[in-house]
Amino acid sequence: MLGDLYAGAVADAEARRELLPFAAVEAAALDRAPALDARAALAPADRVKVIAEVKRASPSRGDLSAIADPASLAASYAAGGASAISVLTEGRRFKGSLADLEAVRAAVDVPVLRKDFISDPYQVFEARAAGADLVLLIVAGLEQARLVELHDLVRALGMTALVETHSADEVVRGLDAGAEVLGVNARDLSTFELDRDLFSRLADGIPAGVTRVAESAVASPADVAHYRRSGADVVLVGEALVTHGDPVSALTSFLEV
């Protein structure tokens, strides 16, 4: 599944590159106002922080929410206390787009994450050109040299990388690449199975000074509390918000943990 997702993302990026060459995307990225300081926004605090996600669908659950107006949803998240907004920009299985990210960027004043299957510098420049402050880099999908290259590029463009891991070895690789914000995804992107306790098993391998993000398996305040007790500084929540009848109420309940 992960290989298919990366292959599709690469093919879609190549199609966009035919319409907008690398030099043009690079120029657009460099012409943007400076990125917001996402690392500061997500820094450890006396309460858990939330990255709230704009997510229409997933390979594991299918359609989740139509989200006709991603900017309005993101603005509600930000007003409700989200520290950052994650926007799925993968179109084939998650039904997102860079246009969603651009709309969200224009609507909020908190950092915005491009969540996609990034494996090429073109996609990083696209993210900055669209207004992203954070870029997801998934260790499982990248050779170490490419992970380091992309992480360095993200930083050079003034953005922050959310480096996603799913094993102790991947945590080490992420840290070796320079990760300052490191996520542990409870969902195995090869099988899409969930392991709610994975974060707690890996958290001790993430040193002080690195922001710890727990991803997936968040359905209730009890799940947020479980992650917080295990050392999470931030939780990334998508499905539980977009499928709730009142996303802001759900977000508030998570932040009160």
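Is R61 buried or exposed? R61 is exposed, with a relative accessible area of 51%; exposed means over 50%, buried under 20%, partly exposed in between (1.4 Å probe, protein chains only).

Some ground rules. This is a predicted model, where local features need pLDDT of at least 70, side-chain atom pairs count only at pLDDT 80 or more, and totals for chains, interfaces and linings use all residues. Residues are numbered from 1 along each chain as its sequence is written, and side-chain values use heavy atoms, leaving out hydrogens and water.

Salt bridges next. The criterion is a Lys or Arg side-chain nitrogen within 4 Å of a carboxyl oxygen of Asp or Glu. The whole structure has 17. R61 pairs with E239, closest N and O atoms 2.1 Å apart. R16 and E126 meet at 2.5 Å, N to O. R16 is partly exposed at 27% relative accessibility. E126 is buried at 6%. R16, R114, D116 and E126 are linked in a network of salt bridges. E53 and K115 pair at 3.0 Å. Both E53 and K115 are buried.

Now the aromatics. Rings of Phe, Tyr and Trp (its six-membered ring) pair with centres within 6.5 Å; planes under 30 degrees apart are stacked, over 60 edge-to-face, the rest tilted. That gives five aromatic pairs. F94 and F117 are a tilted one: 6.0 Å between centres, 35° between planes. Both F94 and F117 are buried. F199 and Y227 sit 5.8 Å apart, centre to centre, with planes at 75°, so that pair is edge-to-face. F199 and Y227 are both buried. Finally, Y6, F94 and F117 form one aromatic cluster.
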